[in-house]
Amino acid sequence: MPHTQYAPGQFLFGGDYNPEQWSRETWAEDIELMRRARVNTVTIGVFSWAMLEPREGEYDAGWLDDVISGLDAAGIGFFLATPTASPPPWFTVAHPDALPIRADGTAVLHGSRDTYAISAPAYREAARRIARYLGERYGTHPGLRGWHIHNEYGTVDYGPHAARAFREWLRAKYGSLEALNTAWYTAFWSQRYGDWDEILPPLQTQYLHNPAQLVDFRRFNSDEMLAAYSEQRAEIHAAGSTAPMTTNFMLPTWNFLDQWSWSAKQEVVSIDHYLDTDGPDGEAHVAYGSDLTRSWAGGPWVLMEQNATGIRVGEQTLTKQPDRMIRNSLGYIARGSQSSLFFQWRASAAGSELWHGALVPHVGGDSQAFEAVVELGEMLEKIAEVADPPVDGVIVESQVAVVWDAEGWWSLETPHLPNDAITYSDEVRAVHRALWRGGYAVDFVPPGADVSKYRMLVVPALYAITAATADWLEDYVRAGGQLVVTFATGLADENQRIVSGGYPGMIRDLLGIRSEQIFPRANGDTVPLSNGMIGGSWTELLHAESADVVARYDAGPLRGSPAITSRELGEGTATYVSTKLEQESLDRLFSHLTSLSGVEPVFPESRAFGVEAVRRRGARGHYLFLLHHGERPVQVHGNGVDLITGEADTILLVPGQAAVVREGGRSWTITESTR
Ligand code: GLA
């Protein structure tokens, strides 16, 4: 995680700004509208490579100088992106070998974006050059808030350059072919390698891939992209710029990077966050993305992109209403974001994303959508003091941690598992959702983190783990922690090798159980448990050896066998959930387990009214964010001032509204409002 607490002194408000798509008259209107909305930050240059370097080695940044002067004159700061996610057509023509090859062996040509092979020397060199150029030209500009390196690293190449770099990475990891053959279990299907050059990226093959090879390739790609990022970083530093650096991670669906190791190389961690569900689950999703990013960052972070007006669900873009846009923005901020930035400032008139939402819609500033933007800008100024992070301690206090491990996602994506429909992010989200619905603050941690301060540690579906992780979990329990492990955890080691003798081999003794057989059920099937909960598509024939049985399967072939167990060990307990519980059952389980371990919701009574409560700590006090997702007006009573309305002690919230209360005390009650 970064070593600095990112503190820009205000909430950054604005978004991706692509003036190269517009005339200079529009630039002038942009500045006027930005002023109206109190925009203070834009991200420029994200896809400007062809405009900045129209021919190889020939630069033309006069237009960008003018854009920056215009912003400067209006007091608007900027993140400057390196444009390396979108090499221009001349690059492809000059370096056809630097185009990415897909897993099926086909080449990807230019005509869209992200058409680069990350390991191609020509690409890396061109990326370093343009980064250096921008570093030298703008690196000490007073309006520069920070560097936005690349955009959403995640293009995977399977071509010859990748093969070479992958082999080098494997040599460094394993040292000898013998070690690789052992780790990859190449005795299976005659895959034994006799020469490093025989090893390939996992290109399309006849049938299933080797799972150890797949996961190593994912690890390699994360490291390789990090190396490319670090090269640009070094060029910018060498150019004399000390502005903070970030690259925008993409949530929710991207899993190309190990965010923990990447975060250590950024002064500020940022994400792009696009809701993938409408309704209340969208709010849970805001919390999920925010909690993850704050945890990766180890403190304040930046929301680099969200959609102002739309939620893309399947083939449709559903409307994000203005009140929701504002509540979502405050939801990110409540959990440590120092910004509300959007993709993008002005809706494109043409091009591939012409129907994407924007702060300035096609119709222009005279619109309901832009009025909401102005309202948000005013609000962010009113709550500006919240942006000062606490002098010591964390920005959001949590008593519960959930393990997040990119490798967990990668290993659960290897083929031919008992139920391939089980996905890591769904399982982690289900646990987070249960905790969010209970009103608890949640942190994420990597395996091996210091978890001594957490009363509860949850490990959802972490299929492959190391012996060190197993020891770490045991130490946590012995020292008095409450560990909750859900199904599909600890079945394999880091080489995707099953630990035999009973599941889950890596942590069987810790949990005091032995699972004899995994009994997947058809997706959508349910099975009742003896405590009224409902299990689903994953069940196990489980023996509680030194554990107590909390619930048994109550129907089907496993009727009477343990389904949920709990073992006391040292000062703590370790609970195992052997089935994929339905969400309502998971909610119930966590409400029970949290009360056992003394974990407290932020504002217990508010949930019944549909009011989400989050407490953010700051230099000048504690701030209670109240986000009203419910349907009836409420009044919240206590000691504090709503920075948005100025109301003190009794705060009225109508549905859709939010309050940010500087707290005088921590005791709050809530009632339905008759006003
Ligand atoms: C990503 C990209 C943007 C844009 C948006 C659209 O987050 O960074 O350039 O394509 O998606 O949602």
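Modeller: Terms first: helices (H or I, at least four residues) and strands (E, at least two) are DSSP runs, numbered from the N terminus. This is a predicted model, where local features need pLDDT of at least 70, side-chain atom pairs count only at pLDDT 80 or more, and totals for chains, interfaces and linings use all residues. Residues are numbered from 1 along each chain as its sequence is written, and side-chain values use heavy atoms, with hydrogens and water left out.

Colleague: OK, which strand gives the largest share of the lining of the largest pocket?
Modeller: Strand 23, with 6 residues. A pocket is an open set of points on a 1 Å grid over the protein atoms alone, with protein on both sides within 12 Å along at least five of seven lines; a cavity is a set where a 1.4 Å probe fits but cannot get out, and lining residues have an atom within 4 Å of a point.

Colleague: Switching to cavities, what lines the second largest cavity?
Modeller: D281, A284, H285, Y288, R429, H432 and R433. Helix 10 and helix 14 each give two or more of those lining residues, and helix 10 has the largest share, 4 residues.

Colleague: And what lines the largest cavity?
Modeller: Its lining includes E152, Y153 and W254.
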